[in-house]
Amino acid sequence: MGSAMTTAMRRHPSFVAGCGLVGLWLAAVLLSLAWTPYPPTEIDVPNRLLLPSAAHWLGTDSLGRDIASLLIVGARTSLLVGVAAVGLGALLGTAIGVLGAARRGWLDALLMRVADFGFAFPALLTALMLAALAGPGAATAVAAIAVFNTAVFARISRSAAGAVWSRDFVLAARACGRGRWQVTVDHVLPNIAAPLIVQATIQFAVAILAEAALSYLGLGVRPPQPSWGRMLNEAQEMMFQAPQLALYPGVAIALAVLGLNLVGDGLRDLLDPRLVRER
Amino acid sequence: MFLIRRGAAFVATLLAASALIFAVLALLPGSAVDVRLETGATPEAAAALAQQLGLDQPPLVRYGRWLRGLASGDLGRSVAYDAPIAELLAERLLVTVPLALIAMALTVVFALALGVFAASRHRRLGDAGVMALSQLGMAVPNFWLAILLIGVFAVGLQWFPAGGFDGWQDDPAAALRSLLLPAIALAAVQVAILARVTRSAVLEVMREDFVRSARAQGLGRRAVLWRHVLRNALVPVLTVMGLQFANLLTGAIVVEKVFALPGLGLLVFQAIANRDLAVVQNVVMLFAGAVIAINFAVDLLLVAVDPRLKAVHR
Amino acid sequence: MAGPLLQVRGLRVSLPSARGPVDAVRGIDLDLARGRTLGLIGESGCGKSMTALALMGLLPDAARASGSIRFDGQELVGLDDAAMCRLRGRRIAMVFQEPMTALDPLQPLWRTVSQPLRIHRGLDARSARAEAQRLLDRVQLPQAAQRLDARPHQLSGGQRQRVMIAAALACGPELLIADEPTTALDATLQREILALIGTLVTDSGMALLLISHDLDLMARSVERVMVMYGGTVVEEGPGAQVLAAPAHPYTRGLVGARPRLGAARGARLATIPGRVPALGDWPAGCPFADRCGWVVDACRAGMPAPVGVGVDRAARCIRLTSAHTPDSR
């Protein structure tokens, strides 16, 4: 089993590249907890708009803040919002989908209608409503992204769980007198784990983009907490004087999303049921 | 019969969406009253204002009034602009709708072309190239691409304006020019996603037996593509296009901000800043309604393309 | 017209594999005159479907055909696709094995059936529709007139196969290739569809190349058979004779393995020991050597040449020549 995994990995260079990118991102986050080149919120106006140098590896922004530090701490923001939003959505959505698959009947139909409803409200729309009510902030961003994620996970888990329920070994378990809850825990959950993990990775990538867009629009995390999206907003204002500012946060976002997409695609291939044993 | 069932579901979803939006924005605290009152106003003044705005009515009545307004076109007045909301929306739609349409047209043309091209060059360089580009396209935030486009084409080469929109009246050509870069920024991500879907759908269909049957009848490769493969590949492609429409709309909001286009996006942001909840409510309803309507249209289109889908219950 | 309608000499088809190119078809010679019927019998993996696809020029892109295929004097191997398209559906037609997936699910029946006419004779929609009905009546599709606008999913397997046959016959081809046309259907339907094909072939004077693994079916349907194993023809001759008195050990095994009504209780079913080797794993010499009860060392020396076994019959087995007639097994 181990060597099969290694050969599979060697045949998927893009997966490895994706893991590298995500690893880089996680390393930046871990680093940010202990040390950053400069305090990211330290304003130093005399030193504004400096080009990259030994002192400031990526230069400084319009208020003299060190860009490298902003990027590293911004990585943390993206990660936290992403994990929270996708985690919440996955938990709720999977609960709904699995419940529907187990109970069937009117409950199933109702739950699916409710979940489908979430598809009409993409993250930005929900964020607009929430921001109008409660103002922008991390909570708004997480809640807005989570709503859409719930719908996605509800649908995916429902169809994956439904497929497991129709398998022969589940019929056998039921014939032995196993209750629905037990079947769900013993058989359904382990067997839908793979597609859910793949979907979670992809949704994570989507969440990063959504968080960036929300911060860009001013609906996400509030200043002074750094965020890649808001950095792009500020960079745009400095477009004529310092066009290079727009480069770094955008590259950071693109690399993080690319990494996650590659990992998700790779996982989808690696976790293909033909390679993994039945549970 | 099928149409009635789907039509009923469509209306039901619209109503449900409107109920949710109304519940969130009109019933929860932080209402329009507080916005308009001066600080230190008395509770009596607040109550009087509430009555004037019709906010003291029971929720169902207010909801009914709003629904009737949606149907008749009377959406009340905007607090911040002091103008009928319907007028404001109509004005802004003249920017957002053409933007979305141009982006959709660009998306369809390029995604289908690239997808079919990649499928025809399967396992060769062309396919790998398109897939790599598509990965990049999906990873790049559309507003960053917009900023980069401005940097290169507007500030650098000065071929297009860096933002703003002067209206259709005086110079339609210039108006179109201001919408082109935003449309490209919007379309890029959509093309990346849709080209992938098209490519895999085409590859799947090409493996089917009926393609071989058509060849056995004497149909050339290109004719097989147009007559059999594309139609059969259309189902998954249309499905994804429908799902992506929501992203197109939200993308439009963001891109409008980047280019400072006076569309629905900017309107709703200003409304949020001004706590002009009525405007937010109606704009959100408009967007949600558009998403639901497009999904309904796609459903109908899918059944028209593949009548087998009539039996599938969603 | 002098010469046979179809003349194949030394046909080889190679497919790429992990170990390099392997031959799925290893040298086939075949003659089929106008209006005559020929059957190719063999198990899966013997190369019969590849042969049929090679004749139509519909091999997978990675496959390579070599040798000679002459259709009415025209060489088909190496012919460009455009010229091949002019032959397909018009002069050579093919019916495939799986009716459930062989028709475009989004196309109404009249379009599918009349498509060859629209391609090769430029028929307009109205005439095509009328012709489609006539063709569907000819294949005895019930309620053809009402079904013109139906889609394949509204038909059963047997009905879809009739539609495929109708489409194949639309332009009146001179050669019909039927690759296991009834294998996917149940027994009663098999007889009906084969009878239909038989009638249509006789009425129109087409030549028929029928491919199947079913011996009894072959015996009833074609004049001449060729038994295939290991990518070559191991025995050929008039159908009834080959099946009544098989010469090649493989054919003997096939004939002997058929379950018989009235066999003694407790009698075991005869089988051919071993299994068909995977593509490319053919033994040196005679492909059947590893499984044959009459094998001698000389069998592995090289591919046996065809040996005459009576009038118009041949088999590739050195044990059939006087030099190797067995005294003992």
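Two residues are taken to be in contact if their C-beta atoms, placed from the backbone, lie within 7 Å. On this criterion, no contact joins chain A and chain C of the predicted model, and the closest C-alpha atoms of these two chains lie 16 Å apart.

Chain A contains 10 helices and 0 strands, so that, by the assignment of helices and strands as DSSP runs, its elements from the N terminus on read α-α-α-α-α-α-α-α-α-α. Along the principal axes, the C-alpha atoms of chain A fill a box of roughly 75 × 50 × 30 Å. Of the 279 residues in chain A, 49% are buried. Among contacts in chain A with a separation of 6 or more, 70% are between residues 24 or more positions apart.

The contact between chains A and B involves 28 residues from chain A and 37 residues from chain B. On the side of chain A that touches chain B, two or more residues come from each of α5 (123–134), α8, α9 (228–237) and α10 of chain A. The most is given by α5(A), with 7 residues. By class, this side of chain A divides into 25 nonpolar and 3 polar residues, with no charged residues.

The largest nonpolar core has 262 residues. Helix α8 (residues 180–216) of chain A supplies the largest share of this core, 18 residues. The residues with the most contacts inside the core are A:L128, B:V280 and B:A288. Residues up to four places away in sequence not being counted, B:V280 touches A:L128 and A:A132 in chain A, and B:L25, B:V268, B:A271 and B:I272 in chain B. In soluble globular proteins, nonpolar side chains tend to be buried together.

In chain B, helix α6 (residues 125–139) has 15 residues. From first C-alpha to last, α6(B) reaches 21 Å, close to the 21 Å expected at 1.5 Å a residue. Its buried residues are B:V130, B:S134, B:M138 and B:A139. The buried residues of α6(B) pack against elements of two chains, namely α10 (247–270) of chain A and, in chain B, α5 (85–120) and α8 (172–206).

The contact between chains B and C takes 19 residues from chain B and 26 residues from chain C. On the side of chain B that touches chain C, α9 (209–216) and α10 (221–259) of chain B each supply at least two residues, and the largest share, 7 residues, comes from α9(B). This side of chain B comprises 6 nonpolar, 6 polar and 7 charged residues.

Chain C contains an open sheet of 4 strands in the order β2-β1-β4-β5, with antiparallel pairing. Strands β2 and β5 (74–75) of chain C stand at the edges and have a single partner strand each, so one side of each is left without a neighbour in the sheet. Strand β1 (residues 6–15) of chain C pairs with strand β2 (residues 22–32) of chain C over 8 bridges in the antiparallel sense. Strand β1(C) is also joined by 7 bridges to strand β4 (residues 64–71) of chain C, again running antiparallel. C:L6 has C:L32 as its bridge partner in β2(C) and stands opposite C:F71 in β4(C). C:Q7 stands opposite C:R70 in β4(C). Helix α1 (residues 48–56) of chain C lies across β1, β2 and β4 of chain C and runs at about 70 degrees to β2(C).

The hairpin of β1(C) and β2(C) has 6 residues between the strands, and C:G20 there takes a positive phi near 105 degrees. C:S17 is found in the loop between β1 and β2 of chain C. C:S17 counts as partly exposed because it has 13 C-beta neighbours inside 10 Å, whereas a residue counts as exposed at 12 or fewer. Apart from neighbours within four places in sequence, C:S17 is in contact with C:V22, C:L279 and C:G280. The C-alpha atoms of C:S17 and C:R260 are separated by 40 Å, these residues being 243 residues apart along the chain.

Note on methods: Residues are numbered from 1 along each chain as its sequence is written. Chains are lettered from A and ligands numbered from 1 in the order in which they are written. This is a predicted model: local features need pLDDT of at least 70, side-chain atom pairs count only at pLDDT 80 or more; totals for chains, interfaces and linings use all residues. Ala, Val, Leu, Ile, Met, Phe, Trp, Tyr, Cys and Pro count as nonpolar, Asp, Glu, Lys and Arg as charged, and the others, Gly among them, as polar. The expected span of a helix is 1.5 Å times one less than its number of residues. A residue is buried if 20 or more other C-beta atoms lie within 10 Å of its own, exposed if 12 or fewer, and partly exposed in between; C-beta atoms are placed from the backbone. Two strands pair if DSSP finds at least two bridges between them. Axes are lines fitted to C-alpha atoms, for helices over the stretch in contact, and angles run from 0 to 180 degrees between N-to-C directions. A nonpolar core is a set of buried Ala, Val, Leu, Ile, Met, Phe, Trp, Tyr and Cys residues joined through C-beta atoms within 7 Å.
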